[in-house]
Amino acid sequence: MLPGLQKIAVVGAGAVGGYYGARLAQHGLDLHFLLRSDFDVVARDGWKIHSVDGDFDLPPNQMHVYRRAQQMPVVDLVVVALKTTSNDQFQSLIGPLVGEKTRILTLQNGLGNEQLLAELFGGQRVLGGLAFTCINRTGPGQIRHTDHGLIRLGCYEPGQDSDAAAIADLFNRSQIRCELLACVTGDGRN
């Protein structure tokens, strides 16, 4: 594991970000969720997860929730699960969370997410991920995970293989199946 990889932020805590973040928090990691519409409910009641891998509740005292990125601490890992229509907000939503050793993992649909993150924050800290899951929000603070859940991830630039492996291990130890991919270079080569 990366030294000190304990403090994790989820930016885009809808169904995908909420589920994966809640699983990480369930396994003892320090999770910080950036929320919009679900803020009041999650701050009061926590997350309610109905999952094929086992239902669980994550009470509010086992995580941190915020309305604004500027209120959040610098973290070791930022998991980006925003809709790509919000990519123009990367700087304002992710920038306040990034320190010298922060890694950024995007679990977004679409193309070019890693490249944009690399341009803003440096390719050496960016990882790309694919989430193969059937999941949806059923209400404020409520997520139903009906099938799959595998994440495949790899670094954006060569030389960060150990970071990617540590993050994959972190997910696997938190009941999230994760496979490591070869790094995808910034010039499009695998």
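Predicted model: local features only at pLDDT ≥ 70, side-chain atom pairs only at ≥ 80, totals over all residues.
Local features need pLDDT of at least 70 and side-chain atom pairs count only at pLDDT 80 or more, while totals for chains, interfaces and linings use all residues. Residues are numbered from 1 along each chain as its sequence is written, and side-chain values use heavy atoms, with hydrogens and water left out.

N113 counts as buried because its relative accessibility is 2% (buried means under 20% relative accessible area, exposed over 50%, partly exposed in between, with a 1.4 Å probe and protein chains only). Leaving aside residues up to four places away in sequence, N113 touches T84, N87, F90, T106 and Q108 (a contact means heavy atoms within 4.5 Å).

Next come Y19 and Y20, whose rings form an edge-to-face aromatic pair, 5.3 Å centre to centre with 65° between the planes (rings of Phe, Tyr and Trp, the last by its six-membered ring, pair if their centres lie within 6.5 Å; planes under 30 degrees apart are stacked, over 60 edge-to-face, the rest tilted). Y19 is buried, as its relative accessible area is 1%, and Y20 is buried at 2%.

Finally, turn to L130 in strand β8, residues 126-139. L130 counts as partly exposed because its relative accessibility is 44%.

Notes
Helix = DSSP H or I, 4+ residues; strand = E, 2+ residues; numbered from the N terminus.
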